[in-house]
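Keep the structure in view as you read.

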Protein chains: 2
Amino acid sequence: MGEAEADRCGPGAAEQASACTVREALDRVGGKWAIGILIAASAGPIRFTELERRVEGISRRMLTLTLRNLERDGLLDRHVHPTVPPKVEYTATPMARELYESLVALTSWAERHREAISEARAAYDSAHGRPPA
Amino acid sequence: MGEAEADRCGPGAAEQASACTVREALDRVGGKWAIGILIAASAGPIRFTELERRVEGISRRMLTLTLRNLERDGLLDRHVHPTVPPKVEYTATPMARELYESLVALTSWAERHREAISEARAAYDSAHGRPPA
DNA sequence: CTGGATCCTATAAGATACTG
DNA sequence: CAGTATCTTATAGGATCCAG
């Protein structure tokens with residue numbers, strides 16, 4: 001996930017820097033599963049298997065990978081209980097909960113315009129040759 | 001870009017639906033270049049070549065592809081002036097401008113925590129075996 | 001239960017060349 | 001100027017199996 005661009009995001013004008021910052025954010029959160037995991041983990045500590053159930057459709061591999069990335073970026077705390085069988089709990093950090101709040105704006109935008117976008121697509125596809133499939 | 005999931009985003013609980021909605025938004029805007037283009041086009045009508053300069057690093061192909069997707073989703077208006085040589089202007093739709101506003105929250109989050117995230121990464125990488133590159 | 005390791009496929013994206 | 005077409009590479013993500 002855009003590792004090389006994370007630290008220095010390239011020189012540029014003000015708008016360039018702005019676009020770059022947004023992309024930095026999306027590079028951390030823009031994966032297919034990161035947001036689902038963050039949402040699930042924002043409600044409180046949650047276990048690996050519980051996440052696997054809540055974030056429907058995720059593979060075990062991607063769950064592990066995404067959890068590691070989020071932990072690495074300081075968005076999730078990982079707490080291992082030294083029991084057998086092992087029990088691991090993930091919790092969103094305060095920083096991540098701030099992000100969660102920010103995402104509400106995006107979410108409500110998507111909800112507000114879901115239909116308009118769908119119609120725009122249909123109009124575009126029928127205006128151009130594409131099959132309605 | 002997640003075409004199959006765009007229309008019906010799968011059944012699920014309330015949090016699932018929320019996560020799904022966010023991902024719907026990111027599926028449209030989460031590409032590598034969409035946001036840069038939207039930002040550049042939110043200031044007013046902008047031409048193809050101008051975009052190519054402003055969104056630094058983008059290839060002509062990706063510019064075209066991303067423009068088509070954004071137009072298809074109703075986020076950009078494309079106006080062709082029937083002149084020679086051709087002149088095409090792209091403008092963010094009102095819906096896209098709303099999105100732009102929403103992204104400010106994300107942007108400011110990324111700016112606020114840029115350093116904390118960088119430190120979290122360094123700490124994680126040194127705690128685990130990874131080379132500091 | 002919580003992963004890690006490996007293999008594989010689909011897709012995003014870059015490079016390059018051509019065109020009305 | 002504003003694209004399209006083709007080729008190629010990099011990477012995300014899925015499937016599966018193994019392990020402490």
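Q: What makes the approach of Arg68(A) to a phosphate oxygen of DNA strand C a polar contact?
A: This is a predicted model. In it, a polar side-chain atom of Arg68(A) lies 3.3 Å from a phosphate oxygen of DNA strand C. The cut-off for N or O atoms is within 3.5 Å, so the pair counts.

Q: Which distance puts Tyr90(A) in polar contact with a phosphate oxygen of DNA strand C?
A: The distance is 2.5 Å, from a polar side-chain atom of Tyr90(A).

Q: What part of Lys32(B) is 3.0 Å from a phosphate oxygen of DNA strand C?
A: A polar backbone atom of Lys32(B) is at that distance.

Q: How many residues surround DNA strand C, and which are the closest?
A: There are 19. The closest are Thr49(A), Thr64(A), Arg78(A), Tyr90(A) and Arg61(B).

Q: Which elements each supply at least two residues of the surface near DNA strand C?
A: Chain A gives helix H4 (48-54), helix H5 (60-72) and S3, and chain B gives H4. The largest share, 4 residues, comes from H5(A).

Q: How do the residues of the surface near DNA strand C divide by class?
A: They split into 9 nonpolar, 3 polar and 7 charged.

Q: Why is Glu50(A) called partly exposed?
A: Its relative accessibility is 26%. Buried means under 20% and exposed means over 50%, so a value in between is partly exposed. Glu50(A) sits in helix H4 of chain A.

Q: What joins the side chains of Glu50(A) and Arg53(A)?
A: A polar contact of 2.8 Å does.

Q: How far apart are Glu50(A) and Glu89(A) in sequence and in space?
A: In sequence, 39 residues separate Glu50(A) and Glu89(A). In space, their C-alpha atoms are 9.6 Å apart.

Q: What makes helix H3 (residues 34-42) of chain A mostly covered?
A: The count does: 9 of its 9 residues are buried. Among them are Ile35(A), Ile37(A), Leu38(A) and Ile39(A).

Q: How many helices and strands does chain A have, and in what order do they run?
A: Chain A has 6 helices and 3 strands. From the N terminus on, the order is α-α-α-β-α-α-β-β-α. Of the 133 residues in chain A, 42% are buried.

Q: What is the omega of the cis peptide bond between Val84(A) and Pro85(A)?
A: Omega is about 5 degrees. Pro85(A) is in the loop between strand S2 (76-81) and strand S3 (87-92) of chain A.

Q: Where in chain B does Pro85(B) lie?
A: Pro85(B) lies in the loop between strand S2 (76-81) and strand S3 (87-92) of chain B. The peptide bond from Val84(B) to Pro85(B) is cis, with omega near 5 degrees.

Q: What makes the pair Arg121(B) and Asp73(A) a salt bridge?
A: Their side chains meet at 2.6 Å, N to O. The cut-off between a side-chain nitrogen of Lys or Arg and a carboxyl oxygen of Asp or Glu is within 4 Å, so the pair qualifies. Across the interface of chain B and chain A, the rule finds 6 salt bridges. It also finds 12 residue pairs in polar contact.

Q: Which helix gives the largest share of the side of chain B that touches chain A?
A: H5(B) does, with 21 residues. By class, that side of chain B has 21 nonpolar, 10 polar and 20 charged residues.

Q: How much area do chain B and chain A bury between them?
A: They bury about 5100 Å², with 58% of it on carbon and sulfur atoms. In chain B, Arg72(B), Trp109(B) and Arg121(B) lose the most area to chain A, together 15% of what that side buries.

Q: Why quote an area for an interface?
A: The size of an interface is often given as the accessible area lost when the parts come together.

Methods. Residues are numbered from 1 along each chain as its sequence is written. Chains are lettered from A and ligands numbered from 1 in the order in which they are written. This is a predicted model: local features need pLDDT of at least 70, side-chain atom pairs count only at pLDDT 80 or more; totals for chains, interfaces and linings use all residues. Side-chain values use heavy atoms; hydrogens and water are left out. Buried means under 20% relative accessible area, exposed over 50%, partly exposed in between (1.4 Å probe, protein chains only). Buried area is the accessible area (1.4 Å probe) that two parts lose on being put together, summed over both. A polar contact is a pair of N or O atoms within 3.5 Å; within protein, one must be able to donate a hydrogen and the other to accept it, and residues adjacent in sequence count only if both atoms are side-chain atoms. Ala, Val, Leu, Ile, Met, Phe, Trp, Tyr, Cys and Pro count as nonpolar, Asp, Glu, Lys and Arg as charged, and the others, Gly among them, as polar. A residue is near a molecule or strand if one of its heavy atoms lies within 4 Å of it.
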